[in-house]
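I opened my notebook to look up charged side chains and their partners. Here is what I was reading.

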Amino acid sequence: MESETTLPKWASEPCIMGIDEAGRGPVLGPMVYGCLYCAVSYKDALPDLKFADSKTLKEERRAELFEMLKTNEYISWDVDVIDPRELSAKMLKKNKINLNEISHESAMGLVSKVVNMGLLLTEVFVDTVGDAEKYTTKLAQRFPSIKFVVAKKADSLYPVVSGASIVAKVTRDRALHDWIFDETAESMHRGFGSGYPGGSLCRELISNIYYSHKMEAETNPAILCFLDPETKAWLEHHKHSVFGFPTLVRFSWGTCHSYFKDTAEVLWESDNQDEECSTNKNGKRQLKLSSLGFSRSKRNNEEVESNGKGRCKFFQTRKLEQLLDY
């Protein structure tokens, strides 16, 4: 059964949870975090369900297991689907949020959701993201009453994480299959391949990078040479010199950088003295309150509009005025 319906009859018993993700590395589509949880008393029965790391199973078998666990009254599950636009926006914003932090917040969000539903969660098994010891400490500080086991390749070690892996992978596969494009160009098509690097050598490389975390595999341009040929062809066909890629693409990924060589150049106009900033006596730039959402009175704004002073040079040279009444 799904966690969003009603509380299971075993909700008041001590419960365990497994958490895993699907779609961390590809250049296309969402990243999905999935969780599976059940009563501790059902823990020993999980191996009989034949869950395994979703990456080792064929798509048909994953779908069968997913449908089976959905009807199992002793199991509940949930997912967090993170849109590719959200991933790129967070990784490119001024105060960047890296993929590990995004992953941590997603996992903790699932734990919070289940706890807030009223379940007695006592132990959580998580596939590692970043340093396992630091991740364990971070989780324990957030949820001091829960025991956390954070391990490399936990999806191969703990059946409850294997089940979460299947939940995440099938959800992502279906999200891609049913993806509705915001773009309406007639030349668009759905033959985008896997979005993943291809070949056993590259998969081994990605795995080593992922678990050692010496670098972010998905933001490394060198990975492009291993990319699925179908995905490479789709990216080439769907790039736009001004607007970049369709919203299915994680445009912050290093994989995309080589496609931007022939794009249109964007020039940003700015005054030497930014009206939103000032310089303090130490020579450091300071933000004014207006840049944080505080504005002048309407009267002061009208005075600025009437005399043209204090306005950005971009608007002054084009004789553009602010519309106050319409």
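Which two side chains meet in a salt bridge at 3.9 Å, N to O? I found glutamate 105 and arginine 142. The pair links distant parts of the chain: glutamate 105 sits in helix α3 and arginine 142 in helix α4 (residues 132-142), 37 residues apart. I noted that this is a predicted model.

Next I looked up how open the two residues are. Glutamate 105 is partly exposed, with a relative accessible area of 44%. Arginine 142 is partly exposed too, at 42%.

I then looked up the total. The structure holds 13 salt bridges.

Entry on aspartate 173. I found a salt bridge from aspartate 173 to arginine 62, with the closest N and O atoms 3.1 Å apart. Aspartate 173 lies in helix α6 (residues 159-177) and arginine 62 in helix α1 (residues 59-70), so this pair ties together parts 111 residues apart in sequence. Both aspartate 173 and arginine 62 are buried.

Entry on lysine 113. Its salt-bridge partner is aspartate 78, and the closest N and O atoms are 2.9 Å apart. Lysine 113 is in helix α3 (residues 99-117) and aspartate 78 is in strand β3 (residues 75-82), so the pair ties together parts 35 residues apart in sequence. Is each end buried or partly exposed? Lysine 113 is partly exposed, at 32% relative accessible area. Aspartate 78 is buried, at 2%.

Last entry: arginine 24. I located arginine 24 in the loop between β1 (14-22) and β2 (31-39). Arginine 24 is buried, with a relative accessible area of 3%. Its side chain makes a polar contact with the side chain of asparagine 100, at 2.5 Å.

Conventions
Residues are numbered from 1 along each chain as its sequence is written. This is a predicted model: local features need pLDDT of at least 70, side-chain atom pairs count only at pLDDT 80 or more; totals for chains, interfaces and linings use all residues. Side-chain values use heavy atoms; hydrogens and water are left out. Helices (H or I, at least four residues) and strands (E, at least two) are DSSP runs, numbered from the N terminus. Buried means under 20% relative accessible area, exposed over 50%, partly exposed in between (1.4 Å probe, protein chains only). A polar contact is a pair of N or O atoms within 3.5 Å; within protein, one must be able to donate a hydrogen and the other to accept it, and residues adjacent in sequence count only if both atoms are side-chain atoms. A salt bridge is a side-chain nitrogen of Lys or Arg within 4 Å of a carboxyl oxygen of Asp or Glu.
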